[in-house]
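Student: Please show me the model. I would like to work through its helices and strands with you.

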Amino acid sequence: MAATVNFYGQPPQQAICPKGVAGLTFGFSPFKGSSQSMQNKMKMACLRKPASNKSFSKRWVNLAVSAADDFNLKLGPSPSDMIKQFYTCINEKNLKELDGYISDDCIFEDCSFLQPMQGKKEVMHFFEQLTAGMGQNVKIILEHVCEDDGFTAGVNWHLEWKTIQIPFTKGSSFYECSQKEDRLVIKKALVVTESPIKPGGIVLTLLRNVTAIFDDFPKAAEWLLKSPHVITRFCLKIYSRLLAPFVNPLLAGYIRAWNLIARLFAFALNTILHFLKKNFG
């Protein structure tokens, strides 16, 4: 008996159903990826019962549910489920389990860094520093998690300290996963973090001026865009030769001044607490 199972975003597919299953519309349709929604639709398709058939057997319902569960088990978790577990490991500082979600050839690009991190060793070193810097009370809170029909997922997030959102910590991350044995691992990641600097309309003005220069000098623009490292090295050379002798001592003095202020503040606070405890404790 032939039946048609139509999934969202897929053309109708013909499937052959077992002849012995009376009144059960049961079929398989090839699809890309392992989306949880598509798995649920497969299970619903397996349980579909025509209203006109009164001889629908409970035994065949159990068989259909078992087949759908086996199908889901073989597929494993979806990319969105894997990403949620990934962030749970970060919040719990479970680096051992977190290591299992990173592929050996992972490329992790964070827009706050000049160069992407390549390989599991560099990526895990980054997460060791991240979890240590988060302390005991900072957590990454997921706002939206989405995925497509392939092994990709995206998430919006922000940081909270004791359930209070920290300003300027919103971000978006995009992950490309791959299958490794019975689980999904992160093969490539792109992280974009909110900037504390809000230039507003200045960015649009700057964009208009830059694109006008590019249009006037297309060959030079093409060369610069294909060799961004040349600009970076040029700027670093200018800084090291002209600005570093003046700026570096100022920065060092600024840092020392703030360290002194922090120590004085801590000393004053400890003195006040000791006084209150001695006289009123």
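Student: What does helix α8 span between its end C-alpha atoms?

Tutor: This is a predicted model. Helix α8 covers residues 228-280. At 1.5 Å a residue, a straight helix of 53 residues would span 78 Å. Between its end C-alpha atoms, α8 spans only 64 Å.

Student: Where in α8 does a kink lie?

Tutor: The bend in α8 is about 75 degrees.

Student: Why is strand β6 described as largely enclosed by the rest of the structure?

Tutor: Strand β6 runs over residues 152-161. Buried here means under 20% relative accessible area. β6 is largely enclosed because the buried part of its 10 residues numbers seven.

Student: Which residue in β8 is the bridge partner of Asn156?

Tutor: Strand β8 spans residues 171-180. β8 pairs with β6 in the antiparallel sense, over six bridges. The partner of Asn156 in β8 is Ser172.

Student: Which residue takes a positive phi in the hairpin of β6 and β7?

Tutor: Strand β7, residues 164-165, is antiparallel to β6 and joined to it by two bridges. Trp161 stands opposite Ile164 in β7. Two residues lie between the strands of this hairpin. The positive phi, near 50 degrees, belongs to Lys162.

Methods
Residues numbered from 1 in each chain as written. Predicted model: local features only at pLDDT ≥ 70, side-chain atom pairs only at ≥ 80, totals over all residues. Heavy atoms only, no water. Buried < 20%, exposed > 50% of the residue type's maximum accessible area, 1.4 Å probe, protein only. Helix = DSSP H or I, 4+ residues; strand = E, 2+ residues; numbered from the N terminus. Pairing = 2+ DSSP bridges. Expected span 1.5 Å × (residues − 1). Bend = angle between axes of the 7 residues up to and from the residue.
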